[in-house]
Amino acid sequence: MVKALEGHKFDDVFARNGEIRAADHRMVHDVYLAKVKAKGDVKEPWDYEEVLETIPASQAFRPAAESAAAGCKLDG
């Protein structure tokens with residue numbers, strides 16, 4: 001199962017541009033910098049945040065070579 005997931009890429013509502021990094025088995029994905037909207041700017045009950053920036057996975061997570069998990073990788 002581990003071998004099947006290594007390098008697996010996915011894109012869903014919870015993780016945009018997600019990938020299980022083969023080098024350290026860490027799930028990396030884009031993350032968002034957001035702020036809460038002022039009460040007067042909210043148009044719908046769920047409309048409470050404004051995304052200011054999308055940070056790509058390559059910048060949001062430390063490189064695999066620097067990962068503490070890199071030393072604990074399971075053999076496939």
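Biologist: How many helices and strands does the secondary structure of the chain come to?

Modeller: This is a predicted model, and its chain has 2 helices and 5 strands.

Biologist: In what order do the elements run from the N terminus on?

Modeller: The order is α-β-β-β-β-β-α.

Biologist: Which strands form the open sheet, and in what order?

Modeller: The open sheet holds 3 strands, ordered β1-β2-β3, with antiparallel pairing. Its edge strands are β1 (9-10) and β3 (27-28), each of which pairs on one side only.

Biologist: Over how many bridges do β2 and β3 pair?

Modeller: Strand β2, residues 18-20, pairs with β3 over 2 bridges in the antiparallel sense. Within that pairing, Glu19 stands opposite Val28 of β3.

Biologist: Turning to the backbone, what is the phi of Asn17?

Modeller: Asn17 has a phi near 55°, which is positive although the residue is not glycine. Most residues other than glycine have a negative phi.

Biologist: Where does Asn17 lie?

Modeller: Asn17 is in the loop that lies between β1 and β2. With a relative accessible area of 48%, Asn17 is partly exposed.

Biologist: And what is the phi of His25?

Modeller: The phi of His25 is near 65°, again a positive value in a residue other than glycine. His25 belongs to the loop between β2 and β3. Its relative accessibility is 25%, so His25 counts as partly exposed.

Biologist: Next, His29: is that residue buried or exposed?

Modeller: His29 is buried, because its relative accessible area is 16% and the cut-off for buried is under 20%. His29 sits in the loop between β3 and β4 (31-36).

Biologist: Which residues does His29 touch, leaving aside those up to four places away in sequence?

Modeller: His29 touches Ala15, Arg16, Asn17 and Gly18, and also Ala57, Ala60 and Phe61. Asn17, with its positive phi, is therefore one of the residues in contact with the buried His29.

Biologist: Let us finish with the whole chain. What percentage of the residues is buried?

Modeller: Of the 76 residues in the chain, 17% are buried. The accessible surface comes to about 5,900 Å², and carbon and sulfur atoms account for 55% of that surface.

Biologist: What share of the contacts with a separation of 6 or more comes from residues 24 or more positions apart?

Modeller: Such residues account for 36% of those contacts in the chain.

Conventions: Residues are numbered from 1 along each chain as its sequence is written. This is a predicted model: local features need pLDDT of at least 70, side-chain atom pairs count only at pLDDT 80 or more; totals for chains, interfaces and linings use all residues. Side-chain values use heavy atoms; hydrogens and water are left out. Two strands pair if DSSP finds at least two bridges between them. Helices (H or I, at least four residues) and strands (E, at least two) are DSSP runs, numbered from the N terminus. Buried means under 20% relative accessible area, exposed over 50%, partly exposed in between (1.4 Å probe, protein chains only). Contact means heavy atoms within 4.5 Å. Accessible areas come from the Shrake-Rupley method with a 1.4 Å probe; for residues, only the protein chains shown count as cover.
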